Amino acid sequence: MVPAITRLSLWSKAKAVPASYPFAFGVVLSGFKTSFSDLLVQKVVEQRSEIDWRRNFAFATFGFVYLGGVQYTLYVPIFGRLFPHTRTFVNLSWREKLKDARGLFGVAAQTFLDQCVHHPLMYFPAFYCTKELVMAEKPDFGKVIEDYKRNMKEDLVALWKIWLPGTAINFAFMPMHLRIPFVAGISLLWTCVLSTMRGGDVAHGEDMAGGAVTGSTYSLLKEGLDAFNMTPVEMDENMHHLNISAAAGLVAMLSHHVADWGGNITHSKMARLGSEFIIQMHVAVPPSTASGFLESLKNKKLTEELDIQTTTLTQPQRNGSKNALMGMRIHCVGIDRPGMLAAVTEKIALNGMSFEDITTKLRVSRKGEREFVIDALVSSPTRLEGEALDNCIRDLASLKEDLNLSIFDIRVHIA
């Protein structure tokens with residue numbers, strides 16, 4: 001067992017490494033951080049069975065050379081000479097900082113130079129070139145320039161939303177030798193959050209490769225946050241609305257009644273459509289009480305409040321069909337128009353997949369546009385891998401362009 005004094009001594013020596021060797025520590029940390037971020041995307045998001053080590057090595061090199069070396073040179077020796085008061089400013093208290101006009105100006109100036117000069121003119125070109133070299137079979141730097149120009153506005157807006165406050169904190173509070181570790185930590189946190197939220201999203205694996213904050217990765221983070229402003233009944237006032245195979249009633253009353261008979265509600269869908277509140281439930285009850293439970297749903301107390309329709313479900317007959325070996329969760333969002341659901345379901349069926357669950361809804365985006373949302377869970381008795389899986393994903397992803405969808409996500413789950 002290591003004595004406490006020895007442990008403290010080792011910890012003290014470890015804490016002194018960043019201050020004693022700031023450049024080397026920043027370079028090594030940035031390189032390993034970028035390598036780990038790519039591994040996270042490959043395994044969690046893209047769900048690769050084998051790691052693409054060539055790609056990982058390329059991103060790690062970008063981390064070592066640019067994120068560690070170039071950014072360190074800019075943040076520490078260059079900014080240190082341009083704004084020498086920074087070293088004193090970071091050690092001041094909050095109250096002293098607020099009174100130090102020279103220090104506040106230095107933080108603002110460094111933040112401006114980093115976010116408005118360094119990133120648009122140096123970082124993004126270097127990142128896009130590295131990504132093209134790594135991800136493309138035949139790198140096309142003309143395309144890189146076009147992508148860089150086209151994405152500039154969205155990239156900068158996304159960058160500033162995350163990194164303006166992060167950079168200001170870095171330059172105001174971090175000692176010079178911890179500037180690069182701070183940036184590496186925030187960048188890794190960003191990649192971890194994205195990978196957690198987008199696990200299995202093979203359609204956007206390339207967008208997340210490299211772990212940079214861009215317009216694409218920021219939009220992936222905020223997708224699905226648009227709140228519903230109104231129901232479909234209120235959105236189409238000139239249409240006649242029908243509800244098919246549903247029931248209206250009170251949730252608490254029906255839930256308690258199911259529980260009193262020893263039943264279990266496994267799946268349910270409840271929604272307000274106009275003046276009606278619709279409930280659809282799957283209820284499992286013991287065989288010994290099934291007939292009594294069905295009869296109890298006809299009692300006067302329930303029928304006064306509820307319009308109940310029941311269907312008895314039976315186990316599916318597979319007739320020799322195979323169990324599902326692969327599943328996909330598909331999420332589509334696009335401007336509402338006729339035929340969207342038909343096009344999506346036809347494409348899925350042509351790829352030999354069966355539907356396990358599908359949900360559609362209308363919503364109003366923050367821009368005031370009517371959007372149609374499709375969420376489908378599909379399964380396949382065939383386990384696709386490698387080129388076959390890539391071809392299937394590519395065929396399904398063509399729906400995004402065909403239907404002009406704003407969002408098309410595919411998350412693969414393999415048994």
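Salt bridges are the topic of this tour, and the count comes to 5, where a salt bridge is a side-chain nitrogen of Lys or Arg within 4 Å of a carboxyl oxygen of Asp or Glu. The model is predicted, with local features needing pLDDT of at least 70 and side-chain atom pairs counting only at pLDDT 80 or more, while totals for chains, interfaces and linings use all residues. Residues are numbered from 1 along each chain as its sequence is written, and side-chain values use heavy atoms, leaving out hydrogens and water.

Select Lys-143 and Asp-147 to begin, whose side chains meet in a salt bridge at 2.9 Å, N to O. These two residues are 4 apart in helix H7 (residues 141-173), so about one helical turn separates them; helices here are DSSP runs (H or I, at least four residues), numbered from the N terminus. Lys-143, at 42% relative accessibility, is partly exposed, whereas Asp-147, at 12%, is buried, with buried meaning under 20% relative accessible area, exposed over 50% and partly exposed in between (1.4 Å probe, protein chains only).

Next, select Lys-347 and Asp-395, where the salt bridge spans 3.3 Å, N to O. Lys-347 belongs to helix H15 (residues 340-350) and Asp-395 to helix H16 (residues 386-402), so this pair ties together parts 48 residues apart in sequence. Lys-347 is buried at 18% relative accessibility, and Asp-395 is partly exposed at 28%.

Finally, select Glu-371 and Arg-363, which form a salt bridge at 2.8 Å, N to O. Glu-371 is buried at 8% relative accessibility, and Arg-363 is buried at 5%.
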